Amino acid sequence: MRRSESRLIFFSCLFSFILCSCSTYNAYNESEYASNEQPAFTADYSSRIPQHIATSEKTVVVDPKVHVWGAYDREGQLIKAGIASAGSSWCPDLNRPCHTSTGSFRVFSLGDASCKSHIFPKPRGGAPMPYCMYFNHGQALHGVSQNEVGEGNYSHGCVRMQVSDAEWLRYNFIDVGTKVVVRPYY
């Protein structure tokens with residue numbers, strides 16, 4: 001292993017450790033949500049996002065501020081939510097920010113449990129992305145191992161979630177054309 005690769009791995013691990021160590025940070029903003037109380041950081045991720053949104057179609061909402069995704073039915077009712085990690089403020093291997101693009105998108109490609117990145121890790125790709133659901137160029141919703149999703153944004157631009165959540169979305173909720181809304185980071 002080259003010295004530069006060793007340094008990159010060290011700093012990537014350090015960055016991940018710092019983000020995971022900050023898990024008590026709560027970016028909840030009362031003015032944007034219906035509840036007047038801040039939700040506790042528990043496994044009930046549905047308390048971090050609106051229980052109802054204005055929509056007439058199935059929609060997945062990703063909120064990088066509170067590290068949650070939510071699936072809403074055609075009437076706008078929240079039916080399932082979970083933890084999500086969006087794109088990082090800085091990716092050392094790219095030497096640039098790599099936030100997940102914000103806005104409204106449509107899923108255009110669906111993968112299965114064997115889905116893998118064609119780009120990461122550099123230079124040849126191969127990172128597992130089980131149940132990938134591409135919505136914006138190379139950005140996708142996908143599963144990751146338990147220790148790669150948490151209370152922070154540290155992907156290369158994809159939205160990471162629990163493998164079981166990605167599998168549920170892929171086979172029980174999302175179709176090609178399903179709307180994905182990524183809310184602003186700030």
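Here are a few questions and answers about a predicted model.

Q: What makes one side of helix α2 the buried face?
A: Start with the residues: in α2, which spans 163-172, Asp165, Ala166, Leu169 and Arg170 are buried. Seen down the helix axis, these buried residues fall within an arc of 130°, so they line one face.

Q: Which residues sit on the face of α2 turned away from the buried side, and what makes them exposed?
A: Ser164 and Asn172. Exposed stands for over 50% relative accessible area, and both residues carry that label.

Q: How do you know that strands β7 and β8 pair?
A: Pairing takes at least two bridges. Four bridges join β7 (residues 139-144) to β8, and the two run parallel. Leu141, for instance, stands opposite Val159 in β8.

Q: And why do β3 and β8 count as paired?
A: At least two bridges are needed, and β3 (residues 78-85) has two with β8, in the antiparallel sense. Ala84 has Met161 in β8 as its bridge partner.

Q: What makes Ile174 stand out in the largest nonpolar core?
A: That core has 19 residues, and Ile174 is among those with the most contacts inside it, along with Val60, Phe135, Leu141 and Leu169. β1, β2, β6, β8, α2 and β9 each supply at least two residues of this core. Contact means heavy atoms within 4.5 Å; leaving aside neighbours within four places in sequence, Ile174 touches Val60, Val107, Leu110, Met133, Leu141 and Leu169 that way.

Methods:
Residues numbered from 1 in each chain as written. Predicted model: local features only at pLDDT ≥ 70, side-chain atom pairs only at ≥ 80, totals over all residues. Heavy atoms only, no water. Buried < 20%, exposed > 50% of the residue type's maximum accessible area, 1.4 Å probe, protein only. Arc of directions from axis to C-beta. Core = buried A, V, L, I, M, F, W, Y, C linked by side-chain atoms within 4.5 Å.
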